[in-house]
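Have the viewer open as you read.

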Amino acid sequence: MIELDDLHKSYGPVEVIKGLSASVSKGEVVCLIGPSGSGKSTVLRCINGLESYQGGEIRVEGKRVDRAKPSIVDVRVHVSMVFQRFNLFPHRTALENVVEGPIYVKREPAAEARARGMALLERVGLADKAGSYPHQLSGGQQQRVAIARALAMQPKAILFDEPTSALDPELVGEVLSVMRSLAAEHMTMMVVTHEIAFARDVADRVLFLDGGRIVEEGVAREVLTKPRHPRTKDFLRRVL
Ligand code: ADP
Ligand code: MG
């Protein structure tokens with residue numbers, strides 16, 4: 001579904017992704033973990049064309065991701081992204097946020113989009129909040145709206161960039177539980193997270209990034225309980 005082949009990415013003269021190869025198969029959940037600044041967000045942003053890259057290749061369903069080509073619109077439709085800070089439109093209700101993409105990007109009939117949007121809000125436990133504005137919702141509720149919005153595009157994969165890092169601790173569980181249910185339904189997901197228990201239980205594989213490279217990868221449970229690389233060991237010691 002998603003292939004990264006010797007990816008190199010620089011911001012100006014500074015190379016931050018230094019030859020990274022990885023892949024995510026259909027239905028797979030892959031967690032990306034690693035210290036701050038290691039390049040996790042950059043990798044996700046390159047995959048759905050929010051950033052350009054200078055070397056190597058990214059393919060989604062075999063097609064090269066090229067930010068400069070019109071086809072990038074298709075990549076963004078097929079690969080949704082959920083951000084740390086929700087990024088909801090502040091002056092639109094929960095339901096309006098969810099149906100925005102289907103109506104204005106996918107040109108779905110409004111009534112259909114709204115019906116599906118309501119079903120998605122119900123699915124994330126927020127049917128009663130359809131008419132609420134983001135500022136009237138808790139962080140956990142806003143993030144669940146953001147997930148419903150991502151799902152509304154009927155994506156083939158969803159990229160999550162630290163979806164629970166901005167939440168108060170008591171709200172983390174409700175978001176992770178929605179993500180667990182997506183994983184159980186075999187949604188293809190790439191998840192940047194510091195929630196090690198989630199990664200251990202839900203991810204098929206874990207990639208550990210450090211300094212723009214993958215320093216360790218493997219089956220989630222093995223990497224997280226028996227890390228081999230000193231950087232992985234050190235990181236896990238600090239977050240656990
Ligand atoms: P992570 O998500 O793992 O914390 P990032 O992908 O955000 O890491 O950042 C990787 C590196 O790239 C860091 O050194 C960061 O400072 C740098 N970086 C990220 N975004 C930009 C940008 N827009 N311009 C310049 N440097 C950036
Ligand atoms: Mg980041």
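## Ground rules

A contact here means heavy atoms within 4.5 Å. With that in hand, Met-189 touches Val-24, Glu-28, Val-29, Val-30, Ile-158, Phe-160, Met-179, Leu-182 and Ala-183, leaving aside residues up to four places away in sequence.

This is a predicted model, where local features need pLDDT of at least 70 and side-chain atom pairs count only at pLDDT 80 or more, while totals for chains, interfaces and linings use all residues. Residues are numbered from 1 along each chain as its sequence is written, chains are lettered from A and ligands numbered from 1 in the order in which they are written, and side-chain values use heavy atoms, with hydrogens and water left out.

## The annotated span

UniProt, in an unreviewed entry, puts "domain: ABC transporter" at residues 2-236; its positions follow the numbering used here, feature names are shortened, and annotations may be inferred rather than shown by experiment. Helices (H or I, at least four residues) and strands (E, at least two) are DSSP runs, numbered from the N terminus.

## Two nonpolar cores

A nonpolar core is a set of buried Ala, Val, Leu, Ile, Met, Phe, Trp, Tyr and Cys residues joined through side-chain atoms within 4.5 Å. Buried means under 20% relative accessible area, exposed over 50%, and partly exposed in between (1.4 Å probe, protein chains only). Nonpolar side chains in soluble globular proteins tend to be buried together.

The largest core holds 51 residues, and those with the most contacts inside it are Leu-121, Ile-147, Phe-160, Met-179, Met-189 and Val-206. Helix α6 (residues 169-184) gives the most to this core, eight residues in total. Apart from it lies another core, of 28 residues, including Ile-47, Val-60, Val-65 and Ile-72.

## Strand β9, covered on both sides

All six residues of β9 (205-210) are buried. In a regular strand the side chains alternate between the two faces of the sheet. In β9, one side carries Arg-205, Leu-207 and Leu-209, the other Val-206, Phe-208 and Asp-210, and both are covered.

Two strands pair if DSSP finds at least two bridges between them. β9 pairs with β3 (residues 29-33) in the parallel sense over four bridges, with Val-30 partnering Arg-205. Its pairing with β10 (residues 213-219) is antiparallel, over six bridges, and Leu-209 stands opposite Ile-214 there. β9 and β10 form a hairpin with two residues between them, and Gly-211 in the turn has a positive phi of about 60°.

Four strands make an open sheet in the order β2-β1-β4-β5, with antiparallel pairing. At its edges sit β2 (14-24) and β5 (63-64), each pairing on one side only. Helix α1 packs on the sheet, touching β1 (2-11), β2 and β4, and its direction makes about 115° with that of β1 (axes are lines fitted to C-alpha atoms, for helices over the stretch in contact, and angles run from 0 to 180 degrees between N-to-C directions).

Is Arg-59 buried or exposed? Arg-59 counts as buried because its relative accessible area is 18%. This residue is in β4, and its bridge partner in β5 is Arg-64.
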